[in-house]
Amino acid sequence: MAERRLMIFDWDGTLMDSEGRIVAAMQGACRDLGLEVPDRERACDVIGLGLAEALRRLVPDLPDHRHAEMAERYRHYYLEADDTPTPLFAGVPELLQGLESAGHLLAVATGKGRAGLDRALADSGLAGRFHATRTAEETRSKPHPQMLEELLEFTGCEPGEAVMVGDTEYDLLMARNAGMPAVGVTWGVHHPERLRETGPEALVSDMEELARWLHGARWEDESA
């Protein structure tokens with residue numbers, strides 16, 4: 001077995017139940033700009049992408065010169081004006097503690113901006129839990145593999161020594177593009193069939209199942 005393994009997690013929809021606030025922020029931003037307000041399904045479809053890419057897909061006819069205004073209104077709602085709760089999913093602290101105690105390195109690869117991630121890490125009490133984090137604001141939006149490539153370089157791991165855990169097809173396609181195994185979680189925003197089409201190593205339906213997979217013999221067998 002390799003001396004260390006890198007476990008990389010998406011944030012929204014994987015570790016934190018933030019779907020409600022993200023959707024509300026997107027809807028508020030569209031409302032402020034006088035645009036058609038997307039329903040929940042349309043808004044959820046772009047969760048996981050970097051903000052710029054998400055807004056381009058959400059409102060493709062928006063003129064380029066208004067993109068910055070749209071992004072500003074989204075951040076206003078998400079960071080300041082909206083108080084929709086964003087709790088960690090049950091079992092997340094225990095999962096991360098167990099993986100760290102077993103000697104694994106932990107990282108985050110998220111479509112959030114840096115300010116949003118730092119706030120979420122602080123509010124959730126997980127600010128010191130991760131060895132490295134990358135946001136789409138600092139690299140390129142999923143499913144481009146740059147976030148994962150930078151995390152691999154930073155930690156000195158190879159793609160086969162890491163796994164990406166996420167709830168959207170963008171997470172799993174990013175892992176595939178980086179030559180990295182991936183696990184899809186089905187409690188997030190994308191339907192299991194959509195995740196399955198990307199060819200993940202596994203789909204898991206609860207935190208205990210995810211913990212068993214990440215700690216399990218199959219993971220050890222792959223490194224033998």
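A search of the whole structure, a predicted model, finds three aromatic pairs. Rings of Phe, Tyr and Trp (its six-membered ring) count as a pair if their centres lie within 6.5 Å; planes under 30 degrees apart are stacked, over 60 edge-to-face, and the rest tilted. One of the pairs joins Trp 11 and Phe 130. Helices (H or I, at least four residues) and strands (E, at least two) are DSSP runs, numbered from the N terminus. Both Trp 11 and Phe 130 are buried. Buried means under 20% relative accessible area, exposed over 50%, and partly exposed in between (1.4 Å probe, protein chains only).

Residues are numbered from 1 along each chain as its sequence is written. In this predicted model, local features need pLDDT of at least 70, side-chain atom pairs count only at pLDDT 80 or more, totals for chains, interfaces and linings use all residues, and side-chain values use heavy atoms, with hydrogens and water left out.

Two arginines sit over aromatic rings, Arg 21 over Tyr 78 and Arg 134 over Phe 154. The criterion is NZ of Lys or CZ of Arg within 6 Å of the ring centre and within 35 degrees of the ring normal. The charged end of Arg 21 is 5.5 Å from the centre of the Tyr 78 ring. For Arg 134 and Phe 154, the distance to the ring centre is 5.7 Å.

Helix H6 spans residues 114-124, and its buried residues are Gly 116, Leu 117, Ala 120, Leu 121 and Ser 124. They lie on the same side of H6, because they cover an arc of only 130 degrees around the axis. The arc is that of the directions from the helix axis to the C-beta atoms. Ala 122 and Asp 123, on the other side of H6, are exposed. The buried residues pack against helix H4 (67-81), strand E2 (105-110) and strand E3 (132-135). Contact means heavy atoms within 4.5 Å. Gly 125 follows H6 and has a positive phi, near 80 degrees.

Helix H8 (residues 169-177) is largely enclosed by the rest of the structure, because seven of its nine residues are buried. These are Glu 169, Tyr 170, Asp 171, Leu 172, Leu 173, Met 174 and Ala 175. Just after H8, Gly 179 has a positive phi of about 70 degrees.

Two helix pairings were examined. Axes are lines fitted to C-alpha atoms, for helices over the stretch in contact, and angles run from 0 to 180 degrees between N-to-C directions. Angles under 35 degrees count as roughly parallel, over 145 as roughly antiparallel, 65 to 115 as roughly perpendicular and the rest as oblique. Helices H5 (residues 92-101) and H10 (residues 207-215) pack at about 10 degrees, with axes 10 Å apart. H5 is therefore roughly parallel to H10. H5 contributes Val 92, Leu 95, Gly 98 and Leu 99 to the contact; H10 contributes Met 207, Leu 210, Ala 211, Leu 214 and His 215. Helix H3 (residues 51-58) meets H4 at about 110 degrees, with axes 10 Å apart. H3 is therefore roughly perpendicular to H4.
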